[in-house]
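Subject: Structure handover

Hello,

Here is the structure for your files. My notes on it follow below.

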Amino acid sequence: FNLPASLAAYGPISLVAMALTTIGALALAVMFSSLSRRLPADGGPYAYARAAFGNLAGFSNAWLYWITAWSGNAAIVVGWVLYVEEFVNQDQNTLFSIVLALIGLWLPAAINLNGVKAMGTVQMWTSVLKFIPLVFMSTVGLFYIQSANFGVWNTSGQSTMGAIGGAMALCLFSYLGVECAAVAAAKVRDPDKNVPRATIYGTLGTAVVYLLSLTAVFGIVSAATLSESTAPFATAVNEIFGGTWAGYVMSALVVVSGFGALNGWTMICAEMPLAAAKDGLFPRAFGKLNRHGVPAFGIVSSTVLASVFMIMSYAGSVGITVFNTLVFMSGITAAIPYAFSA
């Protein structure tokens with residue numbers, strides 16, 4: 001939901017980058033689906049690296065993936081705040097933005113500390129609501145595309161390959177999580193069937209709506225306008241209907257969606273350290289479960305780190321700049337565990 005504003009500096013050529021990233025994401029999905037059948041172990045990329053290359057590789061992958069997870073949460077919450085600020089803190093006061101972000105991090109942590117069932121209930125409904133704006137933009141939005149908005153294909157000033165490469169680094173963040181079902185395999189019913197299904201079908205479904213909705217937003221709103229927007233999907237839907245009411249409805253749905261993303265990633269933050277702790281490669285505190293059967297130390301420590309990193313990233317920067325910085329970091333740390341699994 002924040003990606004169009006991040007990609008606006010590259011222009012519509014970002015659609016090529018998204019298509020190439022999608023092909024890569026589908027390849028990763030097939031790979032993780034296959035690995036989850038061959039090695040049905042909790043921890044996903046960590047477990048695969050350890051089985052193939054030993055404890056040092058396993059620890060390194062767990063460490064990097066853990067950084068990906070909590071820095072990813074820091075990025076998600078910054079993007080979430082940008083849509084919350086359609087309703088409050090519209091002048092983007094940094095201190096107020098940080099307070100909103102802390103609420104966005106710690107409320108999902110509280111839900112997760114109450115057990116997987118509570119987390120799963122929230123996740124199901126927020127996922128359903130997430131697809132409403134995406135499907136709307138992927139269908140209705142396509143009828144409002146103006147070809148003039150594709151007139152300047154590359155607005156970055158870079159070469160074609162340079163622009164595509166730079167945009168792909170941002171697009172990767174949208175697909176971080178193709179491995180999540182494998183990471184949490186121990187908490188999934190009938191994992192031999194359900195983990196591969198969730199991985200393949202989940203990635204296919206999101207790929208379709210991501211590509212179509214991104215095409216619609218770039219076609220409805222000019223790159224110049226997108227570069228100044230903090231809530232690009234709201235900007236696009238306002239262009240369709242005129243006025244601001246539709247943008248507020250869209251923003252409300254995105255706020256719910258973002259909360260669901262934070263809720264899900266908070267669980268994933270603790271799952272990799274839990275698996276590594278069980279094997280003696282992470283401190284034992286990460287392996288202890290609370291009375292609700294969840295790794296409380298992993299959830300709390302990950303949320304503390306995400307909070308600190310989010311606050312540090314806001315120093316001297318605002319909005320989409322902070323978001324992009326965090327997106328690049330989580331993408332870099334995810335790429336290495338993906339490479340080891342491959």
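Gln92 sits in the loop between α4 (55–84) and α5 (94–113); helices here are DSSP runs (H or I, at least four residues), numbered from the N terminus. The phi of Gln92 is near 55°, a positive value in a residue other than glycine. Most residues other than glycine have a negative phi. Asp190, in the loop between α8 (180–183) and α9, also is not a glycine and has a positive phi, of about 50°. Asp190 is partly exposed, because its relative accessibility is 40% (buried means under 20% relative accessible area, exposed over 50%, partly exposed in between, with a 1.4 Å probe and protein chains only).

Before the rest, the basis: this is a predicted model, in which local features need pLDDT of at least 70 and side-chain atom pairs count only at pLDDT 80 or more, while totals for chains, interfaces and linings use all residues. Residues are numbered from 1 along each chain as its sequence is written, and side-chain values use heavy atoms, with hydrogens and water left out.

The largest nonpolar core has 97 residues, and Met137 and Met310 have the most contacts inside it. Such a core is a set of buried Ala, Val, Leu, Ile, Met, Phe, Trp, Tyr and Cys residues joined through side-chain atoms within 4.5 Å.

Met137 is among the α6 residues that meet α9, as are Phe131 and Leu134. Helix α6 (residues 116–139) and helix α9 (residues 191–220) pack at about 60°, with axes 7 Å apart (lines fitted to C-alpha atoms over the stretch in contact; angles run from 0 to 180 degrees between N-to-C directions). The two helices are therefore oblique to each other (under 35 degrees is roughly parallel, over 145 roughly antiparallel, 65 to 115 roughly perpendicular, the rest oblique). By class, the contact of α6 with α9 has 10 nonpolar, four polar and no charged residues (Ala, Val, Leu, Ile, Met, Phe, Trp, Tyr, Cys and Pro are nonpolar, Asp, Glu, Lys and Arg charged, the others, Gly among them, polar).

Ser213 lies in α9 and is buried, with a relative accessible area of 3%. Leaving aside neighbours within four places in sequence, Ser213 is in contact with Leu134, Met137, Ser138 and Phe233 (contact means heavy atoms within 4.5 Å).

Phe233 belongs to α11, where it is one of the residues that meet α12. The axes of α11 (residues 232–241) and α12 (residues 245–278) come within 7 Å and cross at roughly 145°.

Regards
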